[in-house]
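Reader: I am new to this structure and would like to learn how to read its contacts. Please take one feature at a time.

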Amino acid sequence: MTLSTSILLAAAMFSVGVYGLLTRRHAVAILLSVELMANAANLSFVAFSHFRGGATGQLFALFALAITVAEVAVGLALVLLLYRTYGDTRTDAAKELRG
Amino acid sequence: MSLPVGALPLEAAPIPAFVALFAPAVAALVLAAAPALRRRGAPASWVTLTASLLATAAAVTLLVTQLREGGSHVWMASWLQINGAGVGDFGVRLDGVSATMLLVVCVVATCVQVFSLGYMHDEKPPAFGRYFAYHALFLFSMNLLVLAPDLLQLFAGWELVGATSYLLIGFYYQKPSAGQAALKAFWITKLADMGFLMALMVLYKTTGTFRWDAAVTAATATTVSGLLFFAVVGKSAQFPLHIWLPDAMEGPTPVSALLHAATMVAAGVFLIVRANPLFAHAPATRDVMLLVGSGTALFAACLALVQTDIKKVLAYSTCSQLGYMVAALGAGSVFGGFFHLATHAFFKALLFLAAGSVIHAVHSNELADMGGLRRRMPVTATTFIIGAMSLAGIPGLAGFFSKDLVLASVEGRYGWVPFGALMATAFLTAFYMGRVVFLAFFGEARGHAGHAHESGGSLLVPLLVLTVPSVALGWVAAPLAHLSGATYELHLVGVVPILAASLGLGGFALAWVVYGRGTLVVSALAPLERLVATRAVNRVYEVGYRRVLLVVADVLGWIDRYLIDGLMNFLGWSAVAGGRALRRVQTGNAQDYVFAVVLGAIALAAWGLLP
Amino acid sequence: MTVAIGFGVVAAIALLSAILVVRSPNLVHAVLWLGVTLIDTAVLYGMLGASFLAGVQVLLYVGGVVTLMVFGVMLTRRHDGLSVPAASGSPWRGALTAAVLFGVIAAAVMRSDLEHAPVAPTAGPPAVEALAASSQATTQAIGFELLSTHVLAFEVLSLLLLAAIIGAVVIARRRDHGALDQNARTEASS
């Protein structure tokens with residue numbers, strides 16, 4: 001396992017997350033994809049920390065983790081609100097900002 | 001302020017010159033600025049008449065001074081300076097020619113205005129006032145032209161008299177024919193004025209001034225004089241730009257007398273006399289003038305033979321006599337042209353005013369409605385006949401002397417063709433004037449003529465006044481010539497004068513034979529009548545000038561509507577369309593916005609990858 | 001050698017489960033696959049010497065986030081039995097974009113020599129620096145640095161979490177006070 005390989009793995013997981021972000025219609029599914037992307041980023045941080053030395057990478061991953069958890073909480077609250085307002089969790093139900 | 005060589009400052013100019021110039025201007029301004037005064041009618045006429053009398057008195061004074069002292073003086077003030085040199089000058093030039101012309105103009109104008117007091121009496125006061133306001137403006141414009149020290153001021157006066165002519169021809173604006181005639185006069189003379197404008201440009205380009213006595217090369221002289229002559233062809237109604245003059249008879253008869261007989265149309269001839277230094281160096285232009293002038297004289301005289309409207313006869317006659325003047329100038333006799341101008345001004349104005357008296361009495365312009373008027377309108381008849389004889393060149397009257405001078409100057413030129421034309425014209429002139437005299441004043445009264453009565457004092461006095469120079473001016477030719485810097489010899493005996501006199505008398509005699517017994521129509525002249533009816537020259541302008549102008553106007557209108565406006569409309573449309581297109585980006589779907597963000601991120605990353 | 005195979009297997013599982021997360025039509029399945037992915041990532045962390053982080057990952061992500069997701073799915077389920085179509089629009093747009101993104105990052109990775117790039121110097125007390133500079137980052141080292149160099153961020157993070165809690169509560173609470181009071185009074189009187 002080399003650093004480059006780890007970063008490539010992280011990049012691959014990130015891309016999968018992007019695919020889900022752009023494709024899925026259910027709001028919770030989109031949150032899942034965002035989770036994937038954050039997770040991939042954390043992985044790359046840890047990989048750098050391991051292969052290059054220093055604790056900074058893991059520290060950043062720690063912070064990112066905590067922040068992501070908070071973000072998920074708020075995000076799910078928003079999903080609940082979305083469901084309550086539109087009766088539907090599909091993201092294309094909320095099109096009020098259509099120009 | 002630098003004055004040209006030999007010019008004196010304007011402030012030093014003699015008072016009469018200012019009076020002559022500005023009295024009518026003040027009158028015009030007062031009448032323009034005080035509509036209440038103008039619309040009262042009679043007060044306006046007093047204002048104009050006062051100004052004209054003042055101007056006439058000033059003109060007399062100036063002429064007397066000129067006779068005493070002689071020489072030429074210029075007083076100028078620069079109103080336009082380029083590179084420190086005065087280019088546009090306003091001022092007064094006094095010499096024999098301008099002093100004489102000034103007097104002629106002022107006398108005729110005053111007579112016409114007095115005549116108008118009676119003739120236009122039946123007009124409503126607002127129209128009456130408007131008429132006299134225009135007269136004041138005209139007199140100012142004509143004086144501006146006559147006293148001009150350079151071609152620029154002359155051009156200003158030229159255009160102004162053209163504008164005044166338009167206003168006065170179209171005086172009866174409720175009549176569509178009057179409006180059309182005014183417009184036609186304006187457009188034809190405007191075409192000719194382009195020549196004047198171009199002449200000014202060429203003159204300035206080559207000499208840097210607008211004075212006609214600047215030193216020029218032969219080529220420049222030919223160009224400038226040629227262009228100036230083109231303007232003269234329009235203003236003085238020479239062929240082929242003569243078509244506006246008969247139509248101009250739509251205006252009131254006094255106007256026809258003043259503008260379209262004596263003064264305005266003579267301005268073209270006056271211009272050539274003035275700019276003689278240029279024309280003297282341009283033999284080519286002068287040859288053209290000779291041919292055009294003599295041709296026009298004959299052509300117009302033929303057309304006058306078949307007119308039934310008395311004013312139209314006189315109009316074509318004016319055209320023909322102007323041809324005489326132009327021919328004389330073309331032949332090189334400056335004084336010949338100028339002298340004929342002066343005599344013609346008087347007797348033609350007399351003829352028109354007398355015709356006006358007749359028209360006023362019988363309420364018609366047509367010869368068919370006249371007849372036997374010498375019994376009922378003796379003064380009018382006598383003065384008219386005197387004027388007609390002067391025009392025909394009957395010996396002893398003024399016209400005889402001036403015509404003789406013209407004929408003498410064209411002797412031998414171009415194989416005697418112009419001479420022959422002018423001689424034939426002399427015969428025809430006497431013939432058609434005789435026709436008018438016998439049809440209108442002799443024979444049996446037709447129609448209204450049976451109830452006609454002599455006109456009032458204000459109509460008769462000018463007739464009497466104008467008769468005097470029509471008779472006597474010929475005898476003062478010598479001092480007149482001396483004033484103009486020419487020499488004059490009187491020859492009463494010789495081939496030319498005898499031939500001319502006999503042609504004049506013969507024409508009258510033939511007219512008596514043909515028309516004296518009252519026959520109106522002569523079958524021999526029928527082809528000529530048909531020719532006139534075709535309005536051939538008018539048709540040429542209809543197609544070549546008016547239609548072309550309309551096409552150009554249409555094209556320009558199209559460009560304005562579709563290209564210029566189109567551009568603006570397009571800008572507006574594109575803004576709206578662009579907005580509408582961009583609006584489609586805002587789908588409202590959050591995932592589409594995320595997609596855009598991701599694309600942006602990819603783009604940034606890719607840009608970072610670039611070497 | 002075995003280490004390499006181990007890495008390969010773990011990496012494969014991670015990728016596979018990630019793909020299943022985004023492709024499962026059934027949402028609960030997707031959540032569960034996410035759990036698998038997260039656990040697998042924790043294993044990766046362990047292999048990369050971040051044992052503390054691995055533990056935190058399992059605790060927070062798997063225990064917390066996945067549970068939250070399940071609740072979210074349950075609370076927003078349609079009661080008429082109709083299921084939500086999983087994929088929207090054209091999947092090709094997403095696939096292409098994801099592929100291009102991966103390509104760009106891979107190109108960057110390939111082009112740069114990650115192993116031998118210079119290290120930026122870290123600031124902090126000498127003891128921490130010595131520890132930090134060592135090749136192995138132990139939990140002790142993480143703790144030290146957390147509470148010395150990044151103490152401000154640490155405190156702010158706690159504030160952030162507080163804000164998130166309050167925000168989530170505020171956003172998601174019901175607004176029909178009338179009915180609740182009614183219920184409360186009814187319950188109180190009975």
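Author: We can start with a term. A salt bridge is a side-chain nitrogen of Lys or Arg within 4 Å of a carboxyl oxygen of Asp or Glu. Note also that this is a predicted model.

Reader: How many salt bridges are there between chain A and chain B?

Author: The count between chain A and chain B is 0 salt bridges. Polar contacts are another matter: 2 residue pairs are in polar contact between chain A and chain B, both residues of a pair being at pLDDT 80 or more.

Reader: Which helix gives the largest share of the side of chain A that touches chain B?

Author: Helix α1 (residues 3-23) of chain A does, with 4 residues. Sorted by class, the side of chain A that touches chain B holds 6 nonpolar, 3 polar and 5 charged residues.

Reader: How is the size of an interface stated?

Author: The size of an interface is often given as the accessible area lost when the parts come together. For chain A and chain B, the buried area is about 890 Å², and carbon and sulfur atoms give 58% of this. The contact involves 14 residues of chain A and 10 residues of chain B.

Reader: What area do chain C and chain A bury between them?

Author: Chain C and chain A bury about 6800 Å², with 74% of it on carbon and sulfur atoms. Here 83 residues of chain C are in contact with 68 residues of chain A.

Reader: Which helices of chain C each supply at least two residues of the side that touches chain A?

Author: They are α1 (2-23), α2 (27-47), α3 (51-75), α4 (91-111), α6 (139-148) and α7 (151-172) of chain C. The side of chain C that touches chain A divides into 59 nonpolar, 16 polar and 8 charged residues.

Reader: How do I read the packing of helices?

Author: Two packed helices are described by the angle between their axes and the distance between the axes. In chain B, helix α4 (residues 96-119) and helix α15 (residues 334-362) pack at an angle of about 0°, their axes 11 Å apart. Angles under 35 degrees count as roughly parallel, so α4(B) is roughly parallel to α15(B).

Reader: What classes of residue make up the contact of α4(B) with α15(B)?

Author: The residues of this contact are 16 nonpolar, 5 polar and no charged. Those in α4(B) include B:Val104, B:Val108 and B:Phe115, and those in α15(B) include B:Leu341, B:Phe346 and B:Leu353.

Terms used:
Residues are numbered from 1 along each chain as its sequence is written. Chains are lettered from A and ligands numbered from 1 in the order in which they are written. This is a predicted model: local features need pLDDT of at least 70, side-chain atom pairs count only at pLDDT 80 or more; totals for chains, interfaces and linings use all residues. Side-chain values use heavy atoms; hydrogens and water are left out. Axes are lines fitted to C-alpha atoms, for helices over the stretch in contact, and angles run from 0 to 180 degrees between N-to-C directions. Angles under 35 degrees count as roughly parallel, over 145 as roughly antiparallel, 65 to 115 as roughly perpendicular and the rest as oblique. Contact means heavy atoms within 4.5 Å. Ala, Val, Leu, Ile, Met, Phe, Trp, Tyr, Cys and Pro count as nonpolar, Asp, Glu, Lys and Arg as charged, and the others, Gly among them, as polar. Buried area is the accessible area (1.4 Å probe) that two parts lose on being put together, summed over both. A polar contact is a pair of N or O atoms within 3.5 Å; within protein, one must be able to donate a hydrogen and the other to accept it, and residues adjacent in sequence count only if both atoms are side-chain atoms.
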